[in-house]
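Work through the exercises below with the sequence and the model side by side, trying each task before reading its solution.

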Amino acid sequence: MNDTALEHKTIDFAICHECDVLMRLPDASVPSALRCPRCSSPVKGHGSGEIAKPLSAVAAGLIFFGPANFMPILHMSILGIESNHTMIGAVRVMAEGNMVPVALMVLFCSVLAPFLEFSLLGIVLAQVALGRNIWLLPNLFRFYTHLDSWAMLEVYMIGLLVSVIKLIGMASVTPGIGLVCFVGMMLASIAVKVTLDRHGVWRRIEAICNG
Amino acid sequence: MQWVSAKSVGLTQCPVCHKRLRWLASSPNFKQRCPRCGAGVRQRHYGSVGQSWALTLTALILLIPANLLPIMTVSQFGEGMPSTIMGGVVLLLHHGMIPIALIVFIASIAVPFLKISGIFVLLLSVQFKWRISRRQRTLMYRMVEYIGKWSMLDLFVIAITAKLVDMGKIASIEGNAAAVYFGLAVVMTMLAAMVFDQRLIWDSSPTSG
């Protein structure tokens, strides 16, 4: 069998991302929840690349981002002395205490990566919705996909919980306005992940770039 | 059931945007560009097993000082009490906070070691063509990849409590050297899972099953 014949024969086959097997996808009418028949990993079908839902979640995330990072998330008092926790403040305290590598890791995973994710995705989705081919559009979206493993807002949320419980015996800890914004930002980032159809967005980017 | 891998029919896909591509060359070191997203594409990550070994072993070595050195110091009225990771868990147990001790134990001791042994098993099984269920190994890889970031919990807790309890002589919490080693170890295990090409698990497979 020559190459062209082979390619023609496998043209409507999808490739599993996890085990590289060729498989035939059912029609577009079938909703998600497809699984690879060989390794049973989830497979994305033919989504349309919806923009509105993930874009609104991104907007919500960006609105919450400022107050979540700069306003006090927790208040504490010991013997009448007040102190509070902000995300930026935690990074600063680490850096001042000769823990610069830790400060950088915390800064990247809890502040920079989520911010870059929201802003890159905001730019990409807005441009795709407008059908504009801006400079480096595919590269921006590619960069976004690489950031995914490094944004750890959910882990930070559990970190807050563990910290509060650890300190309960030592002092009284109360939530601040920043906590509401932080939870909002975390829920927004989860909503982005749930609603974003990456393959669909890639197909739309391809269509835009090819004119 | 007959399975056909994309590699065996000269196809491949972009690792980033998953575009289906025709594989253009046969030398293992060749790299082509994805026309859609511009990522470098290879049929299998080049040097995946070697890189993953290097990163996993680095993580294992880093975990030694991470567990032996003190990770944080709690000071009250000028008296400092440095504690290791395990020491912190034991302290929580003493205070009767069993669920939280369990969370900290899982996130900072169990997960890093399970992750490293998981990657070890995957690497050994690929290198020596062990006949363990491929489906289960894929599942294990997925779990290793998913739990990776949860080990950062301990670093976040140190940063949060250090910021909250920052009252000079009266009370203060600060991070110690082990935190740096621990953080680096977590990053190494995450990278080790990322560079491991899980398709290798299925490559040695006979065409059936």
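**Exercise 1.** Which residue takes a positive phi in the hairpin of β5(B) and β6(B)?

Solution. Begin with the conventions: residues are numbered from 1 along each chain as its sequence is written, while chains are lettered from A and ligands numbered from 1 in the order in which they are written. This is a predicted model, in which local features need pLDDT of at least 70, side-chain atom pairs count only at pLDDT 80 or more, and totals for chains, interfaces and linings use all residues. Next, find the strands (DSSP runs of E, at least two residues, just as helices are runs of H or I, at least four, all numbered from the N terminus). In chain B, β5 (residues 72-76) and β6 (residues 79-83) run antiparallel and are joined by 5 bridges, and B:T73 has B:P82 as its bridge partner. Finally, look at the 2 residues between these strands: in this hairpin, B:F77 has the positive phi, near 50 degrees.

**Exercise 2.** In what order do the 3 strands of the open sheet in chain A lie?

Solution. Two strands pair if DSSP finds at least two bridges between them. The order is β6-β5-β7, with antiparallel pairing. The edge strands, β6 (81-85) and β7 (172-175) of chain A, each pair on one side only. Within the sheet, 5 bridges join β5 (residues 74-78) of chain A to β6(A), and A:S77 is partnered there by A:E82.

**Exercise 3.** How far apart do the C-alpha centres of domain 1 and domain 2 of chain A lie?

Solution. First take the bounds, which come from an automatic or database domain assignment: domain 1 covers 3-43 and domain 2 covers 52-209. Their C-alpha centres lie 34 Å apart.
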